[in-house]
Amino acid sequence: MYPRLLHIYGPLWVQSYGVMIVLGFLIFLFCAYNDSRRARLIDSDTFFNVIFVGLVSAVVGGRLLFMITEWSSFSDPWIEMFCLWKGGFVVLGAIIGVIVAVPIYLKMHSVKVLRFLDIVALYGPLMQSISRIGCLFAGCCYGAQVQGFVFSIIFNDPASLAPTGVTLHPTQIYMSLLSFSIFVILLTLKRSLQKPGQTIFLYLVLESVARIGVDFWRGDRGDVVNFSCLPFDLSLSLMQLWSLGFLAISILVFTFVSTRKRDF
């Protein structure tokens, strides 16, 4: 694909991955800010402040979970954890980071947490869908090798993070399409998901399912756990195990907020 879009000077390039993340973030910001519920819930200054807090916590959470799951592949993980330019980011970790940090900030400013997170969750999948195109350009999050599959993809750019010259599952496209589908589902159900917290936790349920499914076709799964006790072969990556736990929690909390009358 095209991991580098524009050469600036020496080793400095405009990376396609970064461009798509910025594009996705700006579209998310525009949609969330102009959502009719936002003005009734939070003023503009507080909104942009909490978005900044969310952005920082997302970067920290996404990087930290990546380092945890890929710890053994780094020669000096305590140092390389801070080398963001070397790549390595997990969306689920970013979500966890936001869920931990943003409510604290919102509570400090007396903003209803779940109602704000519902707005974020509606447009978050749209941002992910666009950002995943950046993964495709850069070659990260690449798929496993496959033969004779009509939707396979071949990376030829030597700067690509994916193996070059072999046919791979286009898992970046899978995730982009699934994220966009989640956005459409949530948008369609917007009027039905009236109770605070329903949108955010339904989003987490769908996102967890998407990650668990697509990971079976990932070529960068890392360490896997084999469940030989089952009557069929099953191996799950550490990320799938994390997602399974997150899925279970999200289902329980979605059920809880759907039956709860109190708004918080």
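The lining of the second largest pocket divides into four nonpolar, two polar and seven charged residues. Here Asp, Glu, Lys and Arg count as charged, Ala, Val, Leu, Ile, Met, Phe, Trp, Tyr, Cys and Pro as nonpolar, and the others, Gly among them, as polar. Keep in mind that this is a predicted model, where local features need pLDDT of at least 70, side-chain atom pairs count only at pLDDT 80 or more, and totals for chains, interfaces and linings use all residues. Residues are numbered from 1 along each chain as its sequence is written, and side-chain values use heavy atoms, leaving out hydrogens and water.

**The pocket**
- About 310 Å³ of space lies in the second largest pocket.
- Of its 13 lining residues, Arg37, Arg40, Arg115, Ile119 and Gln194 are the closest to the centre.
- A pocket is an open set of points on a 1 Å grid over the protein atoms alone, where a 1.4 Å probe fits, with protein on both sides within 12 Å along at least five of seven lines; lining residues have an atom within 4 Å of a point.
- Its volume is the space filled by probe spheres set on the points, which are joined across faces, edges and corners.
- Helix 2 (36-41) and helix 6 each supply at least two lining residues, and helix 2 gives the most, with four.

**Gln128**
- Gln128 sits in helix 6 (residues 113-138); helices are DSSP runs (H or I, at least four residues), numbered from the N terminus.
- The side chains of Gln128 and Tyr203 are joined by a polar contact of 2.3 Å.

Definitions and conventions
Polar contact = N/O pair within 3.5 Å; in protein donor to acceptor, adjacent residues only side chain to side chain.
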